[in-house]
Amino acid sequence: MLEKIIILDFGSQTTQLIGRRVRELNTYCEIVPYNKFPKDDATVKGVILSGSPFSVNDKDAFSADLSEIRKKYPVLGICYGAQFLAHTSEGKVEKGDSREYGRAHLVSIAKDPLFDGIAKDSQVWMSHGDTITVLPETFDIIASTEDVKAAAYKIQGEQTWGVQFHPEVFHTVDGTKLLNNFLNLCGCKKDWTPASFIESTVAELKVQLGDDKVILALSGGVDSSVTAVLLNKAIGKNLTCVFVDHGLLRKNEFERVQKDYEHLGLHVIGVNAKERFYKALAGVADPEEKRKIIGKGFIDVFDEEAHKLKDIKWLGQGTIYPDIIESLSITGTVIKSHHNVGGLPEKMNLKLVEPLKLLFKDEVRRIGLELGMMEHLIKRHPFPGPGLGIRVLGDITAEKVEILQNADDIYIKMLNDYHLYDKVWQAGAMLLPVKSVGVMGDERTYEFTIALRAVTSTDAMTADWAHLPYEFLAKVSNEIINKVKGVNRVVYDISSKPPATIEWE
């Protein structure tokens, strides 16, 4: 039985980083809303309480009953989580004289297993406006910084700790060591590996699906490809893969991807649905509406294919964790709809099976390599489910899509030619809904602008713009303007996420 750590999410933007760090320590974990702790789950080994955008004193602050968690499991409260433990145990949390944000150094550490191997001058990262001013009597300080006396504490009589800094972020130098110490205190075996994930997931899929038939939405990307191979290992001939050409794929991608799938032994049906999608999207410029139309279109096509095949009961999808996290936060706020999790009709004729929905992208890639998939399939950049539909800004026409396909094809090929493709997380071209004046030869032109985007990241939750060489960008710009009819200007996006997103829509 797969053991796990539960991370109770109180809304921090770094909650997912906590999960990543735990998994990097070969321990499975799940992030659940602060008020959704899985009761009577024998696989839970420990609990981490995340940070939050709230103060514990706010009337709308997230609150949870921890009475059935404390003393039963080892608990680690981080930032808000630490303050919440103190606040609900008759301690006092108040606004600091100034917001405690940025680097700090531990000036004292008491002997405690949570800090094994951590030096007293170790750098930590603070990010809070409140601070614990009065600790409950049963709380013992185990670490301090120059400005924060209760930087870390341990509760007497129970395996409960709190830290007011963030061990999950890069700037806390020994943060991973602290989290590793906590996992040791939880008695975790740290045996969660790609191989163990494959073994347990295939076994679970066999039980979940039985002899039922599954239709899988293939996109050509890493996520759906790995999903296909996992399902194929579990149910074999009962899996039918459908690859839809919605007219929003990259240049020649429909043919190229189907050829790539031949070595996987998958049964793949190609469906040309270009005209259907173009008709549904005609005149639609709103990004969220486009995503929902494309998402509904996918489901409709799959549903129709399922009826042709008969007895299909499940729809397989390559949904991964960031899709879910970005689509609906615990506050109920939609950031953006993903085709895998947004725009689904209320009454679906098929049940969903999503074996990767709790994995981050880099974890999916490790699973794919373990499965023996071709490297170029695994290293392929993420590509949005709505495809070029959200890279053609504004309304979509076949002419605009063709212009973008040609520009994007030049950009991606040149990234590969200059050995830059593997150095960025994701790259693509955008067609902007504006035209500008240009001069070609002796003629005045009034044509479209292409924006190039390339970012570096590890999980798509945060991303920085890729610092591509100026010489390379100049050559790409020249190649696109010279060879793509309808374009006379190329710009490069130097926005990071946050505040921008990776895609423009």
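**Entry 1: H5 against H10.** I started with H5 and H10, whose axes sit 10 Å apart and pack at an angle of about 45°. This is a predicted model, so everything I jot down here is read off predicted coordinates. With that angle, H5 and H10 are oblique to each other. I also looked up the handedness: H5 passes H10 in a left-handed crossing.

Which residues meet here? On the H5 side I find Val222, Asp223 and Val226, and they meet Lys361, Val364, Arg365, Ile367 and Gly368 of H10. Sorted by class, this contact holds four nonpolar, one polar and three charged residues.

**Entry 2: a salt bridge in that contact.** Asp223 and Lys361 were both on my contact list, so I checked how they pair, given that side chains of opposite charge can pair when their charged atoms come close. Asp223 does form a salt bridge with Lys361, and the closest N and O atoms are 2.8 Å apart. Asp223 belongs to helix H5 and Lys361 to helix H10 (residues 361-370), so the pair ties together parts that are 138 residues apart in sequence. Buried or exposed, these two? Asp223 is buried, and Lys361 is buried as well.

**Entry 3: H4 against H5.** H5 has another partner in my notes. Helix H4 (residues 194-209) packs with helix H5 (residues 222-235) at an angle of about 60°, the axes being 9 Å apart. That makes H4 oblique to H5. The crossing of H4 past H5 is right-handed, while that of H5 past H10 is left-handed.

From H4, I listed Phe197, Ile198, Thr201, Val202, Leu205, Lys206 and Leu209; they meet Leu230, Leu231, Lys233, Ala234 and Ile235 in H5. The residues of this contact divide into nine nonpolar, one polar and two charged.

Entry 4: How many salt bridges does a search of the whole structure find? It finds 23.

Arg380 and Glu253 meet through their side chains in a salt bridge, at 1.9 Å from N to O. The pair links distant parts of the chain, 127 residues apart: Arg380 is in the loop between helix H11 (375-378) and helix H12 (398-417), and Glu253 is in helix H6 (residues 253-260). Both Arg380 and Glu253 are buried.

Asp409 and Lys413 make a local pair by contrast: both lie in helix H12, four residues apart, about one turn of the helix. An α-helix has 3.6 residues a turn, so residues three or four places apart point the same way. The side chains of Asp409 and Lys413 meet in a salt bridge with 3.3 Å from N to O. Asp409 is buried, with a relative accessible area of 16%. I also noted a network: salt bridges with shared partners join Arg20, Arg21, Glu24, Asp362 and Arg366.

**Entry 5: H2 and Leu66.** Next I checked helix H2 (residues 80-87). Seven of its eight residues are buried, so the rest of the structure largely encloses H2. The buried ones are Tyr80, Gly81, Ala82, Gln83, Phe84, Leu85 and Ala86.

Two of these turn up again around Leu66. Leaving aside neighbours within four places in sequence, Leu66 is in contact with Leu8, Leu49, Phe84 and Leu85. Leu66 lies in the loop between strand S3 (44-49) and strand S4 (75-78), and I have it down as buried, at 8% relative accessible area. I also took one distance: Leu66 and Ile109 are 43 residues apart in sequence and 27 Å apart in space, C-alpha to C-alpha.

Entry 6: Where is Glu90? It is in the loop between H2 and strand S5 (92-109). Phi of Glu90 is near 70°, a positive value in a residue that is not glycine. Glu90 counts as exposed at 78% relative accessibility.

Asp311 also has a positive phi, about 65°, and is not a glycine either. I place Asp311 in the loop between helix H8 (287-309) and strand S13 (312-316). At 60% relative accessibility, Asp311 counts as exposed.

Last, the prolines. The peptide bond from Lys497 to Pro498 is cis, with omega near -10°. The bond from Pro498 to Pro499 is cis too, with omega near 10°. Pro498 is found in the segment after strand S18 (487-492), and Pro499 is found in the segment after S18 as well.

Terms used: Residues are numbered from 1 along each chain as its sequence is written. This is a predicted model: local features need pLDDT of at least 70, side-chain atom pairs count only at pLDDT 80 or more; totals for chains, interfaces and linings use all residues. Side-chain values use heavy atoms; hydrogens and water are left out. Axes are lines fitted to C-alpha atoms, for helices over the stretch in contact, and angles run from 0 to 180 degrees between N-to-C directions. Helices (H or I, at least four residues) and strands (E, at least two) are DSSP runs, numbered from the N terminus. Angles under 35 degrees count as roughly parallel, over 145 as roughly antiparallel, 65 to 115 as roughly perpendicular and the rest as oblique. A crossing is left-handed if the near helix is turned anticlockwise from the far one by less than a right angle, and right-handed if clockwise. Contact means heavy atoms within 4.5 Å. Ala, Val, Leu, Ile, Met, Phe, Trp, Tyr, Cys and Pro count as nonpolar, Asp, Glu, Lys and Arg as charged, and the others, Gly among them, as polar. A salt bridge is a side-chain nitrogen of Lys or Arg within 4 Å of a carboxyl oxygen of Asp or Glu. Buried means under 20% relative accessible area, exposed over 50%, partly exposed in between (1.4 Å probe, protein chains only).
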